[in-house]
Amino acid sequence: MPNATILVVDDEPLIRWSLVERLRTDGYDVAEAPTGKEALQRVAAGVDLVLLDYKLPDIDGVTVLRTIKEHDPDVIVILLTAHVSVDLAVEAMKQGAYHYANKPFNLDEVAMQVEKALETTRLRREVRALRASQAQPYSFDRIVGEGPAVVAVKALLKKVASSPASTVLLTGESGTGKDLAAKVLHYNSARAAKPFMNITCSALPEALMESELFGHERGAFTGADRQKRGLFEVADGGTVFLDEIGEMVPGLQAKLLRFLEEKTFKRVGGAVDIKVDVRVVAATNRNLQEEVKQGRFREDLFYRLNVLPIAQPPLRDRVDDIPRLVEFYVDVYNTEFKKRIRGVSADAMTQLQRHPWPGNIRELRNAVERAMLLTEEQTLGVGDFSPAGAAATLRLGAVELPPAGLDLEQLERSLVVQALERTGWNQTKAATLLGLNRDQIRYRIEKFELERTSPAKN
Ligand SMILES: Nc1ncnc2c1ncn2[C@@H]1O[C@H](COP(=O)(O)OP(=O)(O)OP(=O)(O)O)[C@@H](O)[C@H]1O
Ligand SMILES: [Mg+2]
């Protein structure tokens with residue numbers, strides 16, 4: 001892997017020098033550090049492999065190793081040690097060391113280990129990239145996730161895809177993957193070679209919508225100067241995806257019900273019954289049962305659609321899938337932006353798994369995209385993700401201690417006050433802005449003896 005960046009960490013200049021010379025000759029980019037502290041600074045800027053002396057003057061090797069791995073699990077670390085005890089070797093492996101080399105070492109051997117280790121990660125990355133590029137756009141693999149909720153949804157989708165079932169209802173909050181599920185269903189069914197037609201039920205006035213769905217005859221209404229086939233007719237043999245079905249106007253709900261029950265329809269202004277074979281996949285982020293109760297959605301249509309309901313779980317209920325989703329989108333945007341981001345630091349991942357994701361996977365995708373556009377590092381860190389993707393990101397590295405120092409208590413107080421004022425003294429929201437929980441913000445309100453001066457916003 002030429003162009004790989006290797007960091008040589010050793011406090012003995014002669015050892016550093018011999019390794020650096022050798023690895024440069026082999027064609028690598030080589031950086032060096034005499035202390036653990038400097039090593040960690042250099043790692044933050046992105047490296048592929050670290051040759052790490054176990055005995056450093058400032059921080060012990062295992063701690064440095066652990067910190068590197070926390071920052072970026074993909075970095076390979078080879079430990080250099082004078083005498084390896086079994087305990088140390090075991091501990092090093094546990095912390096993710098790739099290998100260790102005994103001092104005094106043979107340069108050829110170390111060089112070979114480096115080459116082998118880099119080759120392994122290169123292959124691993126290639127396989128990942130290949131898998132991403134070859135995954136058909138709408139194969140089942142496109143639905144990322146291995147938690148029980150997603151596994152169940154995928155199993156159900158698979159069953160339904162290969163079944164003759166003619167109606168499916170997809171429910172779930174915005175951004176949970178209803179569109180994606182509809183396409184995966186279609187492209188993995190016997191209907192895949194026939195059209196997938198997609199319409200948003202709230203987009204058009206009733207008359208226009210009706211003619212979109214069912215078509216019209218020439219002269220059916222002013223302006224209908226030629227016959228037009230509707231979506232159901234065009235999609236014959238395929239799938240019609242009715243998005244936002246909860247917003248369909250009542251008049252059309254009746255016509256759709258008739259179509260679902262009889263598989264026939266008339267074009268607007270037409271007299272003949274037309275028969276087609278389409279699977280109708282309807283989607284909604286509303287609670288249709290509630291809509292029925294409120295009298296906004298026909299009960300009979302609801303039961304007709306609800307024969308095969310598939311509920312997409314919200315992202316906050318499947319936080320275990322977040323690392324895989326992040327990895328998936330890092331791969332996607334690496335290809336799209338021609339970048340070589342390695343992934344997300346452990347801290348940032350913890351933060352991502354704590355976020356409630358009201359916008360679900362769409363919000364997560366946007367957060368990763370944004371972080372990858374803006375970052376200059378090779379690993380995405382906490383500072384690259386702003387809470388809820390807000391425009392004003394405070395990049396932690398950018399906050400600089402003024403030369404004269406500052407009063408930390410005062411700064412804290414001011415930030416707490418700002419958060420409370422911005423949220424109209426909503427303690428939960430203010431706490432979220434500061435990455436605190438309610439108890440922590442309450443403690444600070446008391447500590448600073450803060451009192452609300454303006455009336456409550458609501
Ligand atoms: N399991 C998943 N794995 C990978 N990507 C996903 C997954 N689920 C959803 N996505 C992606 O998240 C984004 C939002 O998904 P989608 O558009 O299907 O949501 P939706 O439920 O239709 O939302 P809305 O109700 O707002 O229309 C898309 O880019 C989609 O590809
Ligand atoms: Mg959608």
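Student: Why is E217 called buried?

Tutor: In this predicted model, E217 has a relative accessibility of 18%. Buried means under 20% relative accessible area, exposed over 50%, and partly exposed in between (1.4 Å probe, protein chains only). E217 therefore counts as buried.

Student: What makes R267 buried?

Tutor: The relative accessible area of R267 is 12%, so R267 is buried.

Student: How do you know that R267 forms a salt bridge with E217?

Tutor: A salt bridge is a side-chain nitrogen of Lys or Arg within 4 Å of a carboxyl oxygen of Asp or Glu. The closest N and O atoms of R267 and E217 are 3.0 Å apart, and the two form a salt bridge. The pair links distant parts of the chain, 50 residues apart: R267 is in the loop between β11 (264–265) and β12 (274–275), and E217 in the loop between β8 (215–216) and β9 (228–229). Helices (H or I, at least four residues) and strands (E, at least two) are DSSP runs, numbered from the N terminus. By the salt-bridge rule the count comes to 26.

Student: How do you know which conditions apply to such values?

Tutor: Because the model is predicted, local features need pLDDT of at least 70 and side-chain atom pairs count only at pLDDT 80 or more, while totals for chains, interfaces and linings use all residues. Side-chain values use heavy atoms, with hydrogens and water left out; residues are numbered from 1 along each chain as its sequence is written, and chains are lettered from A and ligands numbered from 1 in the order in which they are written.

Student: Why are R258 and E262 said to be about one helical turn apart?

Tutor: They are four residues apart in helix α10, and are therefore separated by about one helical turn. An α-helix has 3.6 residues a turn, so residues three or four places apart point the same way. R258 forms a salt bridge with E262, at 3.4 Å between the closest N and O atoms.

Student: What makes R258 and E262 buried or exposed, or something in between?

Tutor: R258, at 32% relative accessibility, counts as partly exposed, and E262, at 43%, counts as partly exposed.
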